[in-house]
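User: I'd like a short walk through the packing and the voids of this model. Please keep the answers brisk.

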Amino acid sequence: MGRQQFSLECEGVITAVSFAQQADEVGQDLARQLINPHLGFVLFFCSAQYDLPALSKALEGVFGGVPLLGCTTAGEISQEGYGRGCISAIGFDQRYFSMASVLVDEMERFTLYNAQELVEKLVNDCRMHAVAPIKNHSFALTLLDGLSSREEVVLGALSAALGCIPHFGGSAGDDNYFTRTHVYDNGQFYNGAAVVVLINTLLDFEVFTTHHLQPSTEKLVITKVDSDSRRVLELNAEPAALEYARLIGCSVAELDMHTFARYPLAVKISNSYYPRSIQQTHDDHSLTFYCAVENGIVLTAMQTTSLLDNVNQLFSGLNQRLGEPLITIGCDCFLRRLEIEHKDGQAAIEQVLKKQNVIGFNTYGEQFNGMHINQTFTGVAIGRAKYNAN
């Protein structure tokens, strides 16, 4: 048997976590915690270490016709804090939330026309069971294959089609193996796919993104790149890994995911900096990035500040605007988690996440209103105040 399950019930949602390793036990764990007469749909985040076909069968077996959506992770976030090798889930009360979802199974061929059709279907399906007007009372969630290299294609089209509907999401992980990531849509795990969810609610909410990085004066210009594979061959007309290692003062042999977490890069758009994190280095001294990269892009070396202060500041503002959160669905970059683990700061961050009822996962990338970003904490905070039709 796995560790004892632990659930939290609030008005509108129930959260659950299972540490069981056998698929049947996981299904029974989550069913005991989540199933109730008002359960409308379930969102879950699970370790890629599970036997995914068996897990799918187990979940469908216990939840019957209840819609299930989710993805694999680079770490889970539950009401117990950060986890690994487990599954975290949220059950949504149909009296407070309605939902519609669409699977995008060919991300590389996704166009604006496809996005417009998709959003129209989502809105129409969601409106049939809406608990509040769609406008101003709905947000979109995307769960994308984190190794597809096609996030920007999907997000660019979706952003145009969604219009004023706020949007956030996360790229699925695979426990930092970088081999195969999956999204889940009503009965099956998919590779190379995306799930787009429209959630309508009569509760107040705010979609947000934040990071704890500040720019330095050091710049790197991408001078040679394979854009399709997000592989930068040269920075400042020098082999990319050599130039990056020179910038941060280490050897190429020392470059790994922990180094990339401590010494991030970012691109400046208008007056804001958007992190562009490095995924890995190669024998030819090229660097693969998590986000799209092009020739001529200027990357700014960023300095990390207090991650704890950043998260506290975020929630201080959210609490002032929304009150005590009912739940926060969080997409937290796995590089942030590596950083706090390296600095022995996990306990302090977990205390904040628990207080703010954060449920979610560590990602291979985050999405915010059409942008594909890295090294951020992005999500939606849902308050307790109800929409008043009058």
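**Strand, core and voids**

Analyst: This is a predicted model. Start with S9, where both faces are covered. On one side lie Ser-138, Ala-140, Thr-142 and Leu-144, on the other Phe-139, Leu-141 and Leu-143, and all are buried.

User: How many residues of S9 are buried, and is the strand enclosed or open?

Analyst: Strand S9 spans residues 138–144. Buried here means under 20% relative accessible area. The strand is largely enclosed by the rest of the structure, because the buried count is seven of seven.

User: Which residue of S13 is the bridge partner of Leu-141?

Analyst: S13 covers residues 194–201 and pairs with S9 in the antiparallel sense. The pairing runs over seven bridges. Within S13, Leu-141 is bridged to Val-197.

User: And in S10, which residue is the bridge partner of Thr-142?

Analyst: S10, residues 167–171, pairs with S9 in the parallel sense. That pairing has five bridges. The partner of Thr-142 in S10 is Gly-169.

User: Which residues touch the most other members of the largest nonpolar core?

Analyst: That core has 34 residues. Ile-382 has contacts that include Phe-139, Leu-203, Phe-205 and Ile-327, leaving out residues up to four places away in sequence. Phe-97 is also among the residues Ile-382 touches. The two that touch the most other core members are Phe-97 and Ile-382.

User: Which element gives the most to the lining of the largest pocket?

Analyst: The pocket has a volume of about 220 Å³. Strand S3 (39–47), strand S8 (97–104) and helix H3 (112–127) each give two or more residues to its lining. Phe-97, Ser-98, Met-99 and Ser-101 are among the lining residues. With four residues, the top contributor is S8.

User: By class, how does the lining of the largest pocket divide?

Analyst: The lining includes Phe-41, Pro-67, Gln-94, Asp-125, His-129 and Asn-186. Its classes are five nonpolar, six polar and one charged.

User: What is the volume of the largest cavity?

Analyst: Searching the whole structure at a cut-off of 30 Å³ or more turns up one cavity. The volume of the largest cavity is about 30 Å³.

User: Which helices each supply at least two residues of the lining of that cavity, the largest?

Analyst: The largest cavity is lined by Tyr-82, Leu-307, Val-311, Asp-332, Arg-336, Ile-349, Leu-353 and Phe-377. By class, six are nonpolar, none polar and two charged. The helices that each supply at least two are H7 (307–322) and H9 (346–355).

How values were computed. Residues are numbered from 1 along each chain as its sequence is written. This is a predicted model: local features need pLDDT of at least 70, side-chain atom pairs count only at pLDDT 80 or more; totals for chains, interfaces and linings use all residues. Side-chain values use heavy atoms; hydrogens and water are left out. A nonpolar core is a set of buried Ala, Val, Leu, Ile, Met, Phe, Trp, Tyr and Cys residues joined through side-chain atoms within 4.5 Å. Buried means under 20% relative accessible area, exposed over 50%, partly exposed in between (1.4 Å probe, protein chains only). Contact means heavy atoms within 4.5 Å. On a 1 Å grid over the protein atoms alone, a cavity is a set of points where a 1.4 Å probe fits but cannot get out, and a pocket is an open set with protein on both sides within 12 Å along at least five of seven lines; lining residues have an atom within 4 Å of a point. Grid points are joined across faces, edges and corners, and a volume is the space filled by probe spheres set on the points. Ala, Val, Leu, Ile, Met, Phe, Trp, Tyr, Cys and Pro count as nonpolar, Asp, Glu, Lys and Arg as charged, and the others, Gly among them, as polar. Two strands pair if DSSP finds at least two bridges between them.
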